[in-house]
Amino acid sequence: MKLCFILNGRAVSLDVAPDRRAIDVLREDVLREDVLREDVLRDNMAREGVVQEAAPRTDASFADQTAAGVAARKPSVFGADASPMPSSNPPATIASPSVTSTSDASVSTASTSSLATSGAVTSEATGSDASVSTVSTSTVATSDAAGFDAAGSDAAGSDPAVLDGRALDVKEGCGTGECGSCSVLVDGVQKLSCLMLAAQLQGRSVVTAAGLGTPEAPHPVQRAFAEHGAVQCGFCTPGMAIAAAGLLAKNPAPEREDIRRALSGNLCRCTGYVKIVDAVEAAAKDMAGRKQADQQISQHIDRQNGQQTGQRASRQIGQQIGRQISQQAKQPIGQQTGQRPGQQADQQARQQAGRQAGTGDAK
Amino acid sequence: MNVLTPHGLPELFAALAEPGARALAGGTDLLVRLRSGRETAKTLVRLDGIAALRGVSQGPDGSLRLGAGMTHAELLAHPLVRARLPLLAAALGDLGSPPIRNMGTLGGNLCTASPAGDCLPPLMALGAEVELVSAAGARRLPLADFITGPGRTRLAPGEALAAVHALPPDAGPSASAGSGTGPGAGEGDRFVQHFEKVGRRNALAVAVVSLAALVRVGKGGVVAEARLAWGSVAPVVWSCPEAEAVLIGRKLSLTALKQAAAVVRQRVQPIGDVRASADYRREVAGNLLLRLAMLSL
């Protein structure tokens with residue numbers, strides 16, 4: 001299936017078997033970027049000016065816009081510290097294939113049924129390699145690369161390709177929904193990516209700890225965790241940060257008991273939780289009272305015009321995906337099964353437009 | 001493995017008819033079992049796109065229809081659930097953890113049919129019914145008949161749990177005012193409603209013992225009706241008519257509750273496992289009743 005979602009403000013389009021877990025997909029997307037070499041990134045950077053003008057095109061395919069490099073990646077100080085990927089690893093050794101033959105493994109087969117579905121895709125593939133094919137490698141952004149390096153990717157040097165591993169911030173702990181370590185925000189709601197399938201991410205917005213803030217403009221929660229020593233081994237930290245950020249978005253002034261409750265799905269075996277609750281409390285005060293963090297962040301955004309443009313484009317793309325998906329949803333499966341994975345999104349869009357014109361109200 | 005996303009009931013029934021199809025609601029139980037290899041599925045049918053399985057609505061008789069596809073967090077946040085079904089709301093608030101409540105659904109909790117399922121005791125005490133739908137139509141069953149054993153239900157092949165119907169204790173002909181009276185209830189009756197779960201820790205814990213108690217107190221503070229439902233002490237939710245009988249016609253005093261608790265300890269036959277011994281469960285099953293003394297004043 002072609003999986004389209006917003007990951008940390010960035011539009012992502014992947015061909016992926018629907019039964020892959022969300023945690024695999026989120027990592028896979030990142031690994032895809034690991035494969036990118038500096039020259040590729042430099043090309044993208046060079047293209048950026050053009051791209052920024054091109055992005056708002058309404059007739060542009062999703063893939064085009066994705067490649068256009070919309071929002072910047074925002075590596076997390078927390079996601080980064082706890083499981084750095086050895087930067088000495090040559091990208092070629094990373095398991096994720098950068099180019100895969102699209103074997104027809106993930107072609108839909110339920111053509112005899114009348115299901116209308118965006119997720120109705122069959123994969124005969126059992127191995128991850130066969131079920132994944134690259135489409136538009138959504139790379140991007142680059143305005144963050146310098147800041148990222150400055151933030152301490154020791155061995156990274158000036159190689160922007162090393163910005164990779166950092167976004168491997170979605171950590172699998174128990175894999176059974178009992179530890180909260182792999183938490184992500186899906187449309188703003190804390191969920192466990194170890195118990196979600198790729199199909200369930202379709203059309204959603206996903207925020208991982210790496211999407212909360214940047215080293216130079218951290219989310220108040222991230223800043224508070226660092227300042228209050230709320231991190232020991234760090235394994236639970238990305239999930240904790242996600243849970244805390246999710247709480248503060250809904251309840252800006254929580255009592256300590258509210259914080260304990262909101263974080264009760266995230267296990268920590270080092271800190272004893274006290275400093276974590278302290279940190280979240282401090283983050284709430286920071287966000288509510290001092291306004292300083294907000295100003296810094298908005299100043300940061302102002303400095304990075306490119307990024308700002310990217311965010312606008314990202315929103316537009318989000319809306320476009322929404323439309324695309326709702327169109328798909330209205331079509332009976334028999335008509336969708338004609339789609340082949342690996343086809344570019346614009347081709348799909350044209351096909352869909354054609355079908356819709358031909359079939360009228362499909363459902 | 002296929003993942004199908006039907007968008008309406010006819011599509012759902014077609015999807016469930018696929019060979020090896022299994023319904024996927026929140027996935028918090030099923031995906032754990034599938035990942036462990038203990039169970040398999042050729043096709044997963046997502047239930048989260050089906051409007052008929054969503055929402056909370058109130059019927060003319062004051063009963064609430066709770067969509068089976070509602071997550072625990074959605075139900076917990078719903079004003080009707082909070083106001084009219086506080087017993088269920090209390091259990092929902094203790095269920096799993098915040099992310100589990102954001103993912104897991106009411107229907108999933110019932111169809112998983114765990115002896116420790118947190119929604120089960122309150123819904124049993126409330127006398128809830130399940131609404132089952134299939135290509136052949138809809139049918140309703142008392143929840144007590146629906147769940148037949150650990151992980152076993154009367155859900156037929158191709159059938160889906162669409163909703164749960166529960167009558168709020170104070171519902172009646174004038175239920176809309178919130179002060180109505182149920183069948184057989186007298187003027188001025190009040191209800192003592194209590195849910196308590198004992199686990200190894202507060203969050204992310206499987207219940208060692210849980211109790212949902214719904215007691216109607218009539219004139220003179222005398223118990224007119226008592227419905228008690230325990231979780232985690234038997235293969236299915238356990239009730240104890242003998243203990244209920246001890247309470248009826250008496251004030252909800254500590255003395256009466258202690259006598260009822262003794263009956264409970266005598267009759268309950270829990271098993272011991274990694275979470276607690278049988279003796280501990282037996283003791284706690286009785287002790288949980290004593291809490292009602294604090295609530296009846």
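**View 1. The C-alpha centres of domain 1 and domain 2 of chain B sit 36 Å apart.** Domain 1 covers 1-49 and domain 2 covers 190-295, with bounds from an automatic or database domain assignment. This is a predicted model, where local features need pLDDT of at least 70, side-chain atom pairs count only at pLDDT 80 or more, and totals for chains, interfaces and linings use all residues. Residues are numbered from 1 along each chain as its sequence is written, while chains are lettered from A and ligands numbered from 1 in the order in which they are written.

**View 2. Helix α11 (residues 254-267) of chain B packs with helix α12 (residues 278-290) of chain B.** Helices here are DSSP runs (H or I, at least four residues), numbered from the N terminus. The axes, lines fitted to C-alpha atoms over the stretch in contact, are 8 Å apart at an angle of about 160°, on a scale from 0 to 180 degrees between N-to-C directions. So α11(B) and α12(B) are roughly antiparallel (over 145 degrees). Residues touching here (C-beta atoms, placed from the backbone, within 7 Å) include Leu257(B) of α11(B) and Leu289(B) of α12(B). The contact residues split into 9 nonpolar, 2 polar and 4 charged (Ala, Val, Leu, Ile, Met, Phe, Trp, Tyr, Cys and Pro are nonpolar, Asp, Glu, Lys and Arg charged, the others, Gly among them, polar).

**View 3. In chain A, helix α7 (residues 220-227) meets helix α8 (residues 237-250).** Phe225(A) of α7(A) and Ala241(A) of α8(A) are among the contact residues, which comprise 6 nonpolar, 2 polar and no charged.

Methods
Helices (H or I, at least four residues) and strands (E, at least two) are DSSP runs, numbered from the N terminus. Two residues are in contact if their C-beta atoms, placed from the backbone, lie within 7 Å. Angles under 35 degrees count as roughly parallel, over 145 as roughly antiparallel, 65 to 115 as roughly perpendicular and the rest as oblique.
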